[in-house]
Amino acid sequence: MEITIFQCIIVTIIALIVISLLWLSFSVKPKLMELKQAHVVITGGSSGIGKAVAAEVLKQGANVTILARNQARLQKAREELQQYIKDKDNQKILGISVDVSHEYTAVEDAIKKRVMDANFIGSVYPTRAVLPYMKERRRGRIVFVSSQAGQLGVYGYTAYGSSKFAVRGLAETLQMEVKPYNIYITVNFPPDTDTPMLTEDKLNMPRETILVSETSGLHQPDEIAKIIVNDAKRGRFQSYVGLDGFVLATVASGMSPVASLMDAVLQVSLMSLMKAISFIFIANFNSIVMKCYKERESQKQK
Amino acid sequence: MEITIFQCIIVTIIALIVISLLWLSFSVKPKLMELKQAHVVITGGSSGIGKAVAAEVLKQGANVTILARNQARLQKAREELQQYIKDKDNQKILGISVDVSHEYTAVEDAIKKSTQELGPCDILVNSAGMSRAVSFEDTDINDFKRVMDANFIGSVYPTRAVLPYMKERRRGRIVFVSSQAGQLGVYGYTAYGSSKFAVRGLAETLQMEVKPYNIYITVNFPPDTDTPMLTEDKLNMPRETILVSETSGLHQPDEIAKIIVNDAKRGRFQSYVGLDGFVLATVASGMSPVASLMDAVLQVSLMSLMKAISFIFIANFNSIVMKCYKERESQKQK
């Protein structure tokens with residue numbers, strides 16, 4: 001008899017917890033943001049992932065402002081992006097030349113128009129500039145492009161990876177602060193993407209970095225862009241690419257917000273399995289590093 | 001008959017995996033580093049956690065170099081630390097005034113000087129840093145660079161300076177002091193927390209690179225610690241930050257120091273404080289290295305449970321933020 005009552009209490013407590021979580025989850029769920037006539041500001045929008053995101057949102061009817069340093073590349077990108085405009089009378093592409101990590105007042109003006117500086121400060125300044133407008137309207141989405149190297153340590157990325165860890169930290173801290181204002185943060189973690197930035201990296205890339213990065217393969221900017229835009233519209237915090245991206249995002253999710261109760265349940269149930277799988281990857285990466293180290297040492301002796 | 005063979009194969013595969021993991025685990029396990037006559041370099045060593053670490057390693061027989069900017073505070077710290085020396089004839093405390101985030105050549109020179117006096121560095125403790133606890137929009141716009149420079153670049157330069165010596169000797173420990181705000185987003189810490197996330201990322205990336213050289217990285221995640229830095233933060237701390245931080249409580253620098261020294265000696269990557277620190281470190285462990293097979297097994301088995309518990313904390317933090325928001329909005333209307 002006693003055991004049955006105990007079981008009833010346990011089941012009731014679990015049910016109450018599930019119901020509270022469900023209520024919590026749906027009471028503060030972001031609404032889908034429609035892109036028609038939305039104003040999307042994209043830093044680094046004249047090439048790579050930024051340009052692909054511009055193309056994607058133009059196809060969905062948005063107006064776009066591209067911020068980049070080089071005036072000529074801005075102009076070229078604006079011309080290339082014209083083809084994606086659906087409604088020629090009502091859609092505009094604005095290009096503003098500014099270094100988003102150099103001087104805040106210039107960025108502030110751009111919105112009214114070095115590796116940690118470029119990636120972290122270059123994300124802080126534009127975010128700071130748009131936030132007052134978003135808070136006033138109680139509406140907005142801010143996307144940060146981090147990297148898989150911002151979720152785990154990858155040989156060769158001490159400067160880059162740290163800046164991308166910082167971007168993830170900024171996104172997670174900021175989301176806590178702006179949630180009451182109906183502003184939702186998305187942080188995307190792309191794997192290697194076929195952009196001018198990566199092409200330049202590859203010129204001098206350490207062998208270890210090449211071998212470790214092969215695990216996730218090479219992706220195209222438009223694929224990343226579709227995922228970014230989709231997740232931003234839905235106000236999903238963690239934005240990942242592919243199955244390996246899903247495993248990594250789950251393992252490295254830490255205390256990141258989740259988009260729905262379903263995501264929370266999925267994460268909790270898969271967490272231990274994903275963690276076990278991740279140790280196989282860690283062991284693999286360590287053996288790659290050790291192999292390259294031994295090759296280099298034996299070459300030194302010749 | 002077939003099912004039995006299948007089961008045999010499965011069991012054999014599992015056994016092989018376990019044996020490989022065991023072998024991997026013990027073949028690259030760091031040896032315990034003895035502190036007697038070891039040379040420990042501590043940035044930010046004239047106050048707070050850094051000074052407490054200096055005291056702790058002195059008690060264990062080490063020689064200490066303290067790097068800090070302010071000459072007077074360096075001198076005062078050196079005098080205070082004399083009491084912890086066990087062997088007055090063979091233990092020394094060296095103090096060098098330098099800004100570890102300003103100019104790399106100055107940092108390199110400081111390390112060179114300390115190497116000449118006390119020998120090559122066995123353990124580097126990156127404890128220098130600064131903090132800001134204010135909402136994103138109330139943060140002085142220049143503070144994002146300032147805090148990132150002090151905490152991130154201020155960890156990069158000394159690490160870069162000692163690494164050639166450690167690589168040559170195939171021996172060394174490098175400690176980074178991150179923060180719980182570097183494991184999860186905490187209201188009010190957009191500048192500080194991001195810099196501490198960056199420090200964790202640096203530690204994890206660096207460990208991958210230096211592991212073949214028998215150099216082990218430790219990254220410590222202190223909760224609120226009773227230091228001058230925190231005292232200053234509290235002057236203008238947002239209510240949300242105070243309430244969220246209360247979850248982990250306030251700790252003393254010597255408690256943190258003992259944990260840092262213990263974990264550095266053992267070459268443990270993740271260094272946490274208390275039970276809440278353990279939960280957080282497990283949940284936020286991501287792809288961090290583990291010290292032993294035991295740790296790996298523990299993490300895997302507890303991961304799902306820890307994750308479930310963490311959602312309760314997240315929900316709690318979100319309700320704190322919403323409550324403070326509503327209070328502020330209703331005060332605006334008065």
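This is a predicted model: local features need pLDDT of at least 70, side-chain atom pairs count only at pLDDT 80 or more; totals for chains, interfaces and linings use all residues.
Residues are numbered from 1 along each chain as its sequence is written, chains are lettered from A and ligands numbered from 1 in the order in which they are written, and side-chain values use heavy atoms, with hydrogens and water left out.

Let me begin with the interface. Chain A brings 67 residues to the contact and chain B brings 62 residues, where contact means heavy atoms within 4.5 Å. The area buried between chain A and chain B is about 5,800 Å², and carbon and sulfur atoms give 69% of that; buried area is the accessible area (1.4 Å probe) that two parts lose on being put together, summed over both. Of the area that chain A buries against chain B, 14% is supplied by A:Arg128, A:Met176 and A:Met255, more than by any other three residues.

Now the cavities. On a 1 Å grid over the protein atoms alone, a cavity is a set of points where a 1.4 Å probe fits but cannot get out, and lining residues have an atom within 4 Å of a point. Grid points are joined across faces, edges and corners, and a volume is the space filled by probe spheres set on the points.

The largest cavity holds about 140 Å³ of space, and its lining includes A:Met176, A:Met255, B:Ile314 and B:Phe317.

Finally, the helices, which are DSSP runs (H or I, at least four residues) numbered from the N terminus. Helix α5 of chain A, residues 115-137, reaches 33 Å from its first C-alpha to its last, close to the 33 Å expected at 1.5 Å a residue, the expected span being 1.5 Å times one less than the number of residues. A kink of about 35 degrees lies in α5(A) at A:Leu131, shortly before the proline A:Pro132, a bend being the angle between axes fitted to the seven residues ending at a residue and the seven starting there. In chain B, α5(B) bends by about 35 degrees at B:Leu163, and the proline B:Pro164 follows within four residues. After α5(A) comes A:Arg138, with a positive phi near 50 degrees, and after α5(B) comes B:Arg170, with a positive phi near 55 degrees.

Methods
Helices (H or I, at least four residues) and strands (E, at least two) are DSSP runs, numbered from the N terminus. On a 1 Å grid over the protein atoms alone, a cavity is a set of points where a 1.4 Å probe fits but cannot get out, and a pocket is an open set with protein on both sides within 12 Å along at least five of seven lines; lining residues have an atom within 4 Å of a point.
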